[in-house]
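Subject: Structure for your files

Hello,

Here is the structure I said I would pass on. My notes on it follow below.

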2 protein chains.
Amino acid sequence: MKKVRDKYYFGIDLGGTVTKIGLVDRKSNVFEKITFSTFAYNSKQKLLHHIVKNINEVLQKDSKRKRQVGGIGLGVAGLVNFENGLIYKLTNIPGWKNVRISKILKKETGLPVLVDNDVNVVTLAEFIFGAGRGARNMICLTLGTGVGGGLIIEGELFRGSSYSAGEIGHFPLNADGPRCNCGSYGCLERYIGNRYFVSRVLEKMKITSKGNKILKLAQGKFSEINPKIIAQAAQRGDSLASEAWCEFARDLGLVLAGLINFLNPDVVVIGGGMAKAGKPLFEPLRKVVKKFTLGIPGNTVKIRKAQLKDENGIIGAASLFF
Amino acid sequence: MKKVRDKYYFGIDLGGTVTKIGLVDRKSNVFEKITFSTFAYNSKQKLLHHIVKNINEVLQKDSKRKRQVGGIGLGVAGLVNFENGLIYKLTNIPGWKNVRISKILKKETGLPVLVDNDVNVVTLAEFIFGAGRGARNMICLTLGTGVGGGLIIEGELFRGSSYSAGEIGHFPLNADGPRCNCGSYGCLERYIGNRYFVSRVLEKMKITSKGNKILKLAQGKFSEINPKIIAQAAQRGDSLASEAWCEFARDLGLVLAGLINFLNPDVVVIGGGMAKAGKPLFEPLRKVVKKFTLGIPGNTVKIRKAQLKDENGIIGAASLFF
């Protein structure tokens, strides 16, 4: 797979709302970027056809380029068998069950195809080009609607015995906790997933007179309150907002401390929409992790914010070939 | 290290109470076994001298044998740098700080030396010769006074970025839990370590009239109650004893389920003195793990009792060469 003369790889970030395609070089530069609404193509066939059409257009644009492109990497939100390129199912796009995507795309484009879970792909991008550069062992978390995880072990992406490793969102925090939509109880995601976090803040606002700065930033509309606003309010000294992030940090930090004790990584990279909260999240999180880790793993590990932005899914998907 | 003509390796299990030495072949047969009280040698020098004396006696017994012995593997309860053979400190034997054990033993015996943490060594033994045979990814737990862990990743012992991986005993269960002797709070070991488990049972016996079978098996002496007796009582239908093991299983099972979700191993091997409880522990443990794992990792994993007995420390230490 690692041919030196292959200079570009397609990276496809197939998300629930937006699909992004780009041509990536080994220095993580992205060319020929295309973005379109995944929803606009309301069947598997239409979506696949549109992806293939875009790839072939890029390939044809420069007839020379065809020889310079080494393959197509694909990251999807869902369950994937990396070994044989089979998508078991996608989390947010109905109609995708047991799709042998690598076979289909290879047939239509003539290029080799690798496909993996979206969080694995982001983990790889951060490891090769982002906040995890130089690490040997790394945990990567993505904090958003869901809470995802990826794992680098001795310099390699670790996928587990049936390709499901990295699943941190359903780490049980509390045997008697609230029911999670995975069917289990008290999962981490059930506490710190975007929507659950916001609704915990709204609950608190109902029963106290605090949180004024949150409401002001949301222009008086409860429905407009989101993690970004809660982070801004915390930055401006709103105590309810700060406490909410401290609770978030405690819930995440306990699991993270346990995983750091168990895996002794050198780096933890934290990305996803909610990591943009910055200091109100990272400051208490580092404290919790410090408190609940043993000396050696606790002193070894660095907790860093993800570095790559919007294009991390494209870069990571292409990185499956690197 | 892997010379086919080397047929035997010394395995040394340097424990807090007992030290065991044996000559191990590649089929895990143990010869020339020697066992002595670690306490009897009350200084580092005396203990080392006694170990070296025993090894050299075995080597000299058969002058041919010297050529058949490939090295000395050592497992110790403590912090070890596997790469350079340095013991940072031992958990239960004072006076061992920053001891370059591999250099010392090599000088005195002429043999290459590998040294690792005792739980890593047991993990290796179970992986190569015991309940983990054929696994690709495996978690090994040892349940005793302390709660230890080891990890096989893609067929290799995983030691972490600073050789401390596998530390599961101090996984925080509860941010507001009782203080652990590691200095942290609410650690798993603080709930299910041998002594803590027994004292939880004694507490329950104080406030209810239940637990009669436990007391009877302990011949009426509270001071004689131990996990073995609590397991026997549970087997004979004592409800307090059964509930105690269910609580044990819930505490351990939550962490284990989370680790299974995150690491997607094919096998979990559970050993150590408390695993001898058998059914009263394993039955509720499998239920808890099933309840709190996601479909794929939960269906993939097999939870097994450790197979190797008393000699696992010797075999595992020698296995550092296999």
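Two residues are taken to be in contact if their C-beta atoms, placed from the backbone, lie within 7 Å. The model is a predicted one. By that criterion, 38 residues of chain B touch 37 residues of chain A. On the chain B side, β10 (147-153), α9 (239-263), α10 (279-292) and α11 (295-300) each supply at least two residues. The most come from α9(B), which gives nine. Sorted by class, the chain B side has 20 nonpolar, 13 polar and five charged residues.

Within chain A, helix α6 (residues 194-207) packs against helix α9 (residues 239-263) at an angle of about 140°, and their axes are 11 Å apart. Angles over 145 degrees would count as roughly antiparallel, and α6(A) and α9(A) are therefore oblique to each other. The crossing of α6(A) past α9(A) is right-handed. From α6(A), the contact uses A:Phe197, A:Arg200, A:Val201, A:Lys204 and A:Met205, and from α9(A) it uses A:Leu240, A:Ala244 and A:Phe248. Six of these residues are nonpolar, two are charged and none is polar.

Just after α3(B), B:Gly110 has a positive phi of about 80°.

Regards

Note on methods:
Residues are numbered from 1 along each chain as its sequence is written. Chains are lettered from A and ligands numbered from 1 in the order in which they are written. This is a predicted model: local features need pLDDT of at least 70, side-chain atom pairs count only at pLDDT 80 or more; totals for chains, interfaces and linings use all residues. Axes are lines fitted to C-alpha atoms, for helices over the stretch in contact, and angles run from 0 to 180 degrees between N-to-C directions. Helices (H or I, at least four residues) and strands (E, at least two) are DSSP runs, numbered from the N terminus. Angles under 35 degrees count as roughly parallel, over 145 as roughly antiparallel, 65 to 115 as roughly perpendicular and the rest as oblique. A crossing is left-handed if the near helix is turned anticlockwise from the far one by less than a right angle, and right-handed if clockwise. Ala, Val, Leu, Ile, Met, Phe, Trp, Tyr, Cys and Pro count as nonpolar, Asp, Glu, Lys and Arg as charged, and the others, Gly among them, as polar.
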